[in-house]
Amino acid sequence: MENPVKVDPINSLNDFVIKFANVNGTGSASANQMFAKSIFRMGIPISPKNIFPSNIQGLPTWFEVRVNNKGYLGSRGGVDIAVAMNPQTYTQDVEEISEGGYLLYDSTWKRNFNRDDITVIEIPLTQLCVDSFTNAKQRALFKNIAYVGALSPLLEIEYEVLEKLISEQFVSKPALIEPNIKALNIGRDYVLKNLPYPLGINVKREDKLKDKILVSGNDACGLGAVYGGATFCSWYPITPSTSVAEGFEKYASKYRVDPQTGKNNYISVQAEDELAAVGMAIGANWNGARGFTATSGPGISLMSEFLGLAYFAEVPLVIFNIQRGGPSTGMPTRTQQSDILSCAYASHGDTKHVLLFPEDPQECFEFSAEAFNLAERLQTPVFVISDLDIGMNDWVTDKFDWDDEQKYDRGKVLKAEDLDKMDNFGRYLDVDDDGICYRTYPGTHPEKGAFFTRGTSHDEYARYTENGDINEQTLTRLVKKFRTASELVPDPIINLSEKQGSSGVIFYGSTSAAMYEAKDILNENNIEVDLMRIRSFPFNLDVWEFIENHDLIYVIEQNRDSQMRTLIMAEGGISAEKLRSLVWFNGDPIQAKFIAKKIYERESQQALIT
Amino acid sequence: MSYFKPINKHPNLEKNKLGLTRRDYEGGVSTLCAGCGHDSISACIIEACFRLNIEAYKVAKLSGIGCSSKAPAYFLNASHGFNSVHGRMPSIATGANCANEDLLYLGVSGDGDSASIGIGQFIHAIRRQVNMVYFVENNGTYGLTKGQFSATNDLESKNKYGEDNLFPPIDLTSMAIQMGASYVARSFSGDRDQLVPLIMGAIQHKGFALLDIISPCVTFNNHDSSTKSYDYIRNHNEAMGKTDFVPLGEEIKTNYDDGSSVEVKLHDGSRLSLEKIDHNFDPTDAGKSLELIREKDKEGKIITGLLYVDNKCKPLTEIMDLPDKPLNTLEQDELCPGSEILEEINKGLS
């Protein structure tokens, strides 16, 4: 620690942000994840974020971990400790460090960073690894483990936790345990012998996370699809959704193989493009198998024609849209909530689709499984709309829960014995007056129940018709079905303040973590707000009632054009003045400070100093 | 509009082993132009299904968009049909096939549907060896939009308005052989004797079967300067020789000269017996098949018949190791791992 520090170093227990700056493709990801998991294992809430380029090797990549004992999981902003392993980005990485913060860098090549307000920790990581390992690949790779080892005494991370994580990680490759432990020790021993420790920032076991797990949203979606009974997955690789299909395959290959025959009770097809991916999923659903596809914004654009067919021909379908930065190719490795409208009204003609908005991996699991019930009940596409932030980052989330008593809702499907009792089967007859008609799977009955599925206008018996009145009736019935949908989709979560006449706040999806924290900041500054977290579209009566009961509502979202606000205005005829748009769309996860500041300024007519 | 025929069954109509008559395999009234080749193909499909004693409700008829794609409404009324979007029938077929491989999948497409907008899906369905019969009702023109050239139209051909086609054709049979289609035949809608056994063979074949059927468009592409007109095809068709379908357990009754016929065994044990026009030709050799197609093309001939067959191929569902029980019949207890396993998974994530 060479530089004389002109500002008092930050002192903080279990509450800080650490950011690792690496070069992608150098093996840093698993070391950084191990660091995050060690803090999680000590029972302290964390929120790790990958900030990565759309590239495989050589470009800068960052991994940021917010450690927060209050359990705020949104992005905080600012950096208290930087672990700078990429000389390309030194300037930016050092500049970001808060006053009083800390910088750890590889001092094999010494630098002067011209910051007299931070503590610089010099560890010659490259030199240490060159001295200890002979293999060139290991020398490069173990630098990462070595800095995690160094952080153990510096931050007081329990060393046994790190050791255990290594032995768990390499349980199937035990030969790798020893060199990894050795690398861990190299960093740790260097600190113990040469540097003062611990830092002013440190961690201490809290055991706050007994019923929590650490998992990404995409993994949770994949698992939810297995629990939801999906047997068919078709997908085309696209960031950030690919790991949904991979998650499905991972869990299905473990829990969906027939114990007697060893055969797969599922199939996952990597399609030639998104058009084929959605087409295959529609084909499987048409035939009575629960099928889904996973994609991101560009994929939704490509799938649109087929989505209109599934809507109009009334074929169940589940689509996961893991949103990324748009428009066009946009920012493939950054997050946004900018496909709300393109999903709500996907495809030409009058179409409307059911959307679900999970806020975290636990809800990804729950909604993923439920989406298959809704799709079959409603015989229509159902979108699970997540984003890169939820999908590709690990989150501290409630344990997954499953009720074995709850049965799948396979919807209105007629079996051969049902058809035997019927004289008049019409695929699109609204027998129950809820807009949902009865369908049959191909191959059900030798004489009855066959029909022709088509995207052309059709009558109640699925026959082609160019009769305008009949087509109008079909389109009107689909609106009725959409009303039925509003009664079946997840309710909004409403949290009213004590104070009458508070302004309302509407938010959804990955904005939630930042919003919960923003609410606390606002409360500390004597501003009360009523919260409504939208969890689905179509909106139900609770949503409309909340809007009706508030004179002013902030709609917070991560897109430029306030798409959720537009959807609310369009669907409910709500006036523009009532809904105040509050948007963040730079591709990074939204921050509580930003939300609190904006609301505070508007509510109190003065600036918020945090 | 869909029109259905009144069902008046003549008591003396021939019945198959299921006790069904040809009328039982019919569909709605065709709204295609009088004389359209596609209607002849529908009639051949009806005949093939009748002769093979197919249970119509165990058939799924799939199509894209175009005149050809309307055709599934005109045969097998007791089957489910799916008229999807332009060029995308192969993906519907792939998904449907994986969900229930017990059905017979008849995909009906056209040259616009398969050689242009849907060429990608066409190729990939072949590559994946989807177990289906894929009909291309090939008329070299876009009929529904009134006569534009399609990608299978020959270079020297003209359209109805006298304009030249400037681009060379895509030959779907050669492409299919190269992509790994395991049953590839070309035929002519006007040659019922050839087409019916080829369809029967394709139905009994396990794997991707392509039937590229030249099917003249009487309204837009049947004029003197068209190479897909009835007259042109009749004058330039070089049939591979007679094709006979021999059901399982029946004797071959055809009488060819020694060495002039070849037998192809199909998955269910039935056989196709092909009269050879060329003693060197071997329909199980993809290289020879491609050579023959190319040679005949150079001579200005359209070679028809069974061009290629690979009866050892593995269909998609086998490649992917799917269970014998169709995926769409699996129940919740077979699908959902349950709460105990979830607790294990939770432990692994904590």
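Author: A crossing of two helices is right-handed if the near helix is turned clockwise from the far one by less than a right angle. In this predicted model, helix 1 of chain A passes helix 4 of chain A in such a right-handed crossing.

Reader: Why are helix 1 and helix 4 of chain A called roughly parallel?

Author: Helix 1 (residues 28-41) and helix 4 (residues 136-155) of chain A pack at an angle of about 20 degrees, with their axes 8 Å apart. Angles under 35 degrees count as roughly parallel, and therefore helix 1 and helix 4 of chain A are described that way.

Reader: Which residues of helix 1 of chain A meet helix 4 of chain A?

Author: Ser28(A), Ala31(A), Met34(A) and Phe35(A) do, and they face Asn144(A), Ile145(A), Val148(A) and Leu151(A) in helix 4. The residues of this contact comprise six nonpolar, two polar and no charged.

Reader: What makes strand 17 of chain A and strand 2 of chain B a pair?

Author: At least two bridges are needed for strands to pair. Three bridges join strand 17 of chain A to strand 2 (residues 80-83) of chain B, and the two run parallel. They therefore count as paired. In strand 2 of chain B, Phe82(B) is the bridge partner of Thr453(A).

Reader: How many residues of chain A are in contact with chain B?

Author: In chain A, 59 residues are in contact with 51 residues of chain B. Helix 9 of chain A gives the most to the side of chain A that touches chain B, with nine residues. That side of chain A divides into 30 nonpolar, 17 polar and twelve charged residues.

Definitions and conventions:
Residues numbered from 1 in each chain as written. Chains lettered and ligands numbered in written order. Predicted model: local features only at pLDDT ≥ 70, side-chain atom pairs only at ≥ 80, totals over all residues. Contact = placed C-beta atoms within 7 Å. Helix = DSSP H or I, 4+ residues; strand = E, 2+ residues; numbered from the N terminus. Nonpolar A, V, L, I, M, F, W, Y, C, P; charged D, E, K, R; others polar. Axes fitted to C-alpha atoms, helices over the stretch in contact; angles between N-to-C directions. Parallel < 35°, antiparallel > 145°, perpendicular 65-115°, else oblique.
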